[in-house]
Protein chains: 2
Amino acid sequence: MAEQSIDELIRIIAKLPGLGPRSARRIVLQLIRKRETLLQPMIRALQTVDTSITTCHICGNLDSADPCHVCTDTRRDPSVICVVEDLADLWAMERSHMFRGRYHVLGGVLSAIDGVGPDQLNIGSLLTRAAAEEVSEIILATNATVDGQTTAHYITERLQDCQVSVTRLAQGIPVGGELDYLDDGTLGTALASRRPF
Amino acid sequence: MAEQSIDELIRIIAKLPGLGPRSARRIVLQLIRKRETLLQPMIRALQTVDTSITTCHICGNLDSADPCHVCTDTRRDPSVICVVEDLADLWAMERSHMFRGRYHVLGGVLSAIDGVGPDQLNIGSLLTRAAAEEVSEIILATNATVDGQTTAHYITERLQDCQVSVTRLAQGIPVGGELDYLDDGTLGTALASRRPF
């Protein structure tokens, strides 16, 4: 339809998560219309990310430095490691501004269906870190899905020989949640984990 | 939250039409994960579009050549010009594979609210083209919105002195449309414009 190079760009953008050919066309039109204010800054930002971002060899975070700024931040508590499935989960934890320890990004969860076993995840490096003397607590912040909880159980077993306490995120009613709209599982868990008022 | 250059990229992508911070984060994560297969091809495609795409001085189409490949295609009928609001409409017409003439992209519609007058649109160049001897028909393919129809009426008036027939797209029931779900305006127009069976 359109010119070849535009079609190629639409084809690539349509592959991004949540987008399709129609939204990609709208985006490309906007990019071409705002060449100086959108297209060119976007090229520069993509290039910067492509050339400067690397994976932290300690925790698996993505950063311009290796070790990453979380691992080297001396104001953060090195005795607590929060284990997350994915970088998106690390970002979500950081947005909450509540956690001041270090992270460990697994890079996924154990999944029989997707054929993901312990060797595909960064579990070995977690065990090495957990064995270090300074580490006293491992927080398992995997998702509250079946795969996430399976992975958490597996890691707990592997950590049994280490002298660390293993905790996981509380499950219960989300802030602002109304009982009437909650699923039975969440309500049941919240009841079973009730705490003194 | 994330590293500075990643945050900057998220900020830019969140400005694209239909996207926000959350979808931009998902996209950036995917881009970083698939650096060779997605991020780098996307940079190259954006650069190609940025450097090669230019506006056709005849019709306003975007193309790697000026005049564009539609204006220079000798297999297309130079006697019919289809006037569209926007490049997206030109692409939509091309996808229908039904039009084999030339185009004229207005670059918007007359709009009192948005302060768009005739001088902001490519109407002058259309009048010049319509005055050429080879042109026999101008098809007004503006949207069936109030602004689109206002613009079509304005152009019709300006074209009165030219020896061209001015037509517009038929309005009626869309293909596959069910009467029960149509709005009253469309049904009324379809009834008023009924044709012998």
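Contact, in this tour, means heavy atoms within 4.5 Å. The model is predicted, so local features need pLDDT of at least 70 and side-chain atom pairs count only at pLDDT 80 or more, while totals for chains, interfaces and linings use all residues. Residues are numbered from 1 along each chain as its sequence is written, chains are lettered from A and ligands numbered from 1 in the order in which they are written, and side-chain values use heavy atoms, with hydrogens and water left out.

**Stop 1: chain A as a whole**

Select chain A and colour it by secondary structure. Chain A has eight helices and six strands. Helices (H or I, at least four residues) and strands (E, at least two) are DSSP runs, numbered from the N terminus. Follow the chain from the N terminus and the elements come in the order α-α-α-β-β-α-β-α-β-α-β-α-β-α.

Now zoom out. Along the principal axes, the C-alpha atoms of chain A fill a box of roughly 65 × 45 × 35 Å. The radius of gyration of chain A is 21 Å, whereas a compact globule of 197 residues would have one near 16 Å. This radius is taken over C-alpha atoms, and the globule rule is 2.2 Å times the number of residues to the power 0.38.

Switch to a surface view. Chain A exposes about 11,100 Å², and carbon and sulfur atoms supply 52% of that area. Such areas come from the Shrake-Rupley method with a 1.4 Å probe; for residues, only the protein chains shown count as cover. Of the 197 residues in chain A, 45% count as buried. Buried means under 20% relative accessible area, exposed over 50%, and partly exposed in between (1.4 Å probe, protein chains only).

Among contacts in chain A between residues at least 6 apart in sequence, 44% join residues at least 24 apart.

**Stop 2: the two copies**

Show chain B beside chain A. A rotation of 180° with 0.0 Å of shift along its axis superposes chain A on chain B, with an RMSD of 0.0 Å. This is the relation of a two-fold axis. To find the axis from chain A, select Ile43(A): its C-alpha is the nearest to the axis in that chain, at 3.0 Å. Both copies use the same surface, and 98% of the contact residues of chain A recur in chain B.

**Stop 3: Leu140(A)**

Select Leu140(A), in strand E5 (residues 137–140) of chain A. Is Leu140(A) buried or exposed? Leu140(A) is buried, with a relative accessible area of 4%. Leaving out residues up to four places away in sequence, Leu140(A) touches Val83(A), Ala152(A), Ile155(A), Thr156(A), Val166(A), Thr167(A), Arg168(A) and Leu169(A). Then draw a distance to Gln163(A), which is 23 residues from Leu140(A) along the chain; their C-alpha atoms are separated by 16 Å.

**Stop 4: Gln149(A)**

Go on to helix H7 (residues 146–158) of chain A and pick Gln149(A). Gln149(A) has a relative accessible area of 16% and is buried. Which residues does Gln149(A) touch, not counting those up to four places away in sequence? They are Thr142(A), Asn143(A), Ala144(A), Arg168(A) and Gln171(A). Arg168(A) is also among the residues that Leu140(A) touches.

**Stop 5: Thr189(A)**

Helix H8 (residues 184–192) of chain A holds Thr189(A). Thr189(A) is partly exposed, at 27% relative accessible area. A distance drawn between the C-alpha atoms of Thr189(A) and Pro174(A), which are 15 residues apart along the chain, gives 12 Å.

**Stop 6: backbone details**

Most residues other than glycine have a negative phi, and most peptide bonds are trans. The next selections depart from that pattern.

Select Asp66(A) and Pro67(A). A cis peptide bond joins them, with omega about 5°. Pro67(A) lies in the loop between strand E2 (62–63) and helix H4 (69–72) of chain A. In chain B, a cis peptide bond joins Asp66(B) and Pro67(B), again with omega about 5°.

Last, select His97(A), in the loop between helix H5 (87–96) and strand E4 (101–105) of chain A. His97(A) is not a glycine, yet its phi is positive, about 55°. His97(A) is exposed, with a relative accessible area of 61%. For His97(B), phi is near 55°, and the residue counts as exposed at 61% relative accessibility. His97(B) is in the loop between helix H5 (87–96) and strand E4 (102–105) of chain B.

Note on methods: Least-squares fit on C-alpha atoms with pLDDT ≥ 70 in both.
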